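Open the model in your viewer and keep the selection panel at hand. Each stop says what to select and what is there.

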Amino acid sequence: MQVQPSSETVAVNSKQLRKPLKPGWRVVLGRAAWSRHTHERPEGDELKLLGSVSKGAQVGALAMTVEGQYVQVVGDHLTPLKNKEVAKAVAKAPKEPNPEFSRQSPPWPVAPKQTVAPVVILKKRRVAVMP
């Protein structure tokens, strides 16, 4: 059974203004996400790469420093981020389905070592003969 709202409720709801939604940080965790934006760091580096982070036009890899500060990495350029906002986005972030698989395979396809050379056939051109 549906209940009809009273006229007072409708008047109150129509007066409320909605705030426009601010774009928040979007985080995707995993190697496949950060490998698009930066190179792999050596063992013992001060950055721990976590995934990718984006907000509007800002897009890059998400990393954490030794001090616990989140930073956005594009190539070798580091941009500090607000920890509180990014921590919320990391908590909501989708996880990689199988992190072991993505660690072993590169994000781009690799050709097999021994491949057969393609066969190329050259045909004679047709020449138009003018009468």
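Select Ala-93 first. Ala-93 touches Val-27 and Leu-29, leaving out residues up to four places away in sequence; contact means heavy atoms within 4.5 Å. This is a predicted model: local features need pLDDT of at least 70, side-chain atom pairs count only at pLDDT 80 or more, and totals for chains, interfaces and linings use all residues. Residues are numbered from 1 along each chain as its sequence is written, and side-chain values use heavy atoms, with hydrogens and water left out.

**The core**

Together they make up the largest nonpolar core, with eleven residues. Such a core is a set of buried Ala, Val, Leu, Ile, Met, Phe, Trp, Tyr and Cys residues joined through side-chain atoms within 4.5 Å. Buried means under 20% relative accessible area, exposed over 50%, partly exposed in between (1.4 Å probe, protein chains only). Strand β1 (26–29) and helix α3 (83–92) each supply at least two residues of this core. The most come from α3, with three. Helices (H or I, at least four residues) and strands (E, at least two) are DSSP runs, numbered from the N terminus.

**The sheet**

Show the strands. Five of them form an open sheet, in the order β1-β2-β3-β4-β5, with antiparallel pairing. Two strands pair if DSSP finds at least two bridges between them. The edges are β1 and β5 (77–80), each pairing on one side only.

Go to β4 (residues 70–74). β4 and β5 pair in the antiparallel sense over four bridges. Pick Val-73: its bridge partner in β5 is Leu-78.

Bring α3 back. α3 lies across β1, β2, β3 (58–65) and β4, at about 80° to β4. Axes are lines fitted to C-alpha atoms, for helices over the stretch in contact, and angles run from 0 to 180 degrees between N-to-C directions.

**Ser-54**

Select Ser-54 in strand β2 (residues 47–55). Is Ser-54 buried or exposed? Ser-54 is buried, because its relative accessible area is 18%. Beyond its neighbours within four places in sequence, Ser-54 contacts Gly-24, Trp-25, Arg-26 and Val-59.
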